[in-house]
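Dear colleague,

Please find below the structure that I am handing over to you. I would be grateful if you would read the notes that follow with it open.

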Amino acid sequence: MERYKISSEVCIYQDHELTAEDRELVELAKKATEQSYSPYSCFRVGAALRLRNGIIVTGSNQENASYPLGMCAERTAIFHAQHQYPDQPIESIAIAAFANGHFYPEPISPCGACRQVMLEVEDRYGEPVRVLLHGTGGTHIVETVKALMPFQFIGDSLKK
Ligand code: THU
């Protein structure tokens, strides 16, 4: 039997410790929660991503009476960005959640489906995507989606 460990590094930043660029992205993710259409869960999620060319694209969760048809904030933003700017790598994505009248003290982590989609972005452009998870107690930052998703399934996996 062999055993190995997989570990990920997460850094928690207070607002004043964030770079101006990261602070802006977090603020835009928070702002994007206002555009959420979430009458069923009442859980407003916002995402803001920065492209290599500096353009910021935002998204929010969009729900449907047929529940599974709804779309998460992260994928709303990512697919829009990749449609509009297919040659631009995504450098960073910030995520914030608002419910019961407040932003959450602890950040929410992207769902598995969104992690898989973010992983594809890293694979597609061959560059890491930084993930900024906002909580009122601090913004948790990982430098690559791989830190949130060990044992990745990517395009290469289909060729082996
Ligand atoms: N949601 C997101 O938008 N992003 C996530 O990472 C987790 C969940 C949305 C989906 C649904 O509209 C609501 O939050 C409750 O699950």
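Predicted model: local features only at pLDDT ≥ 70, side-chain atom pairs only at ≥ 80, totals over all residues.

Residues are numbered from 1 along each chain as its sequence is written, and side-chain values use heavy atoms, leaving out hydrogens and water.

Arg-75 belongs to helix α2 (residues 73–84); helices are DSSP runs of H or I with at least four residues, and strands are runs of E with at least two, numbered from the N terminus. Arg-75 is buried but has no salt bridge, and Glu-74, the nearest side chain of opposite charge, is 6.5 Å away. Buried means under 20% relative accessible area, exposed over 50%, and partly exposed in between (1.4 Å probe, protein chains only). A salt bridge requires a side-chain nitrogen of Lys or Arg within 4 Å of a carboxyl oxygen of Asp or Glu; Lys and Arg count as positive, Asp and Glu as negative, while His and the chain ends are not counted.

Ser-41 lies in the loop between α1 (20–32) and β2 (44–51). Ser-41 counts as partly exposed because its relative accessibility is 39%. The side chains of Ser-41 and Glu-63 make a polar contact (2.6 Å); this term denotes a pair of N or O atoms within 3.5 Å where, within protein, one must be able to donate a hydrogen and the other to accept it, and residues adjacent in sequence count only if both atoms are side-chain atoms.

Phe-151 is in the segment after β7 (138–142) and is exposed, with a relative accessible area of 65%.

Yours sincerely
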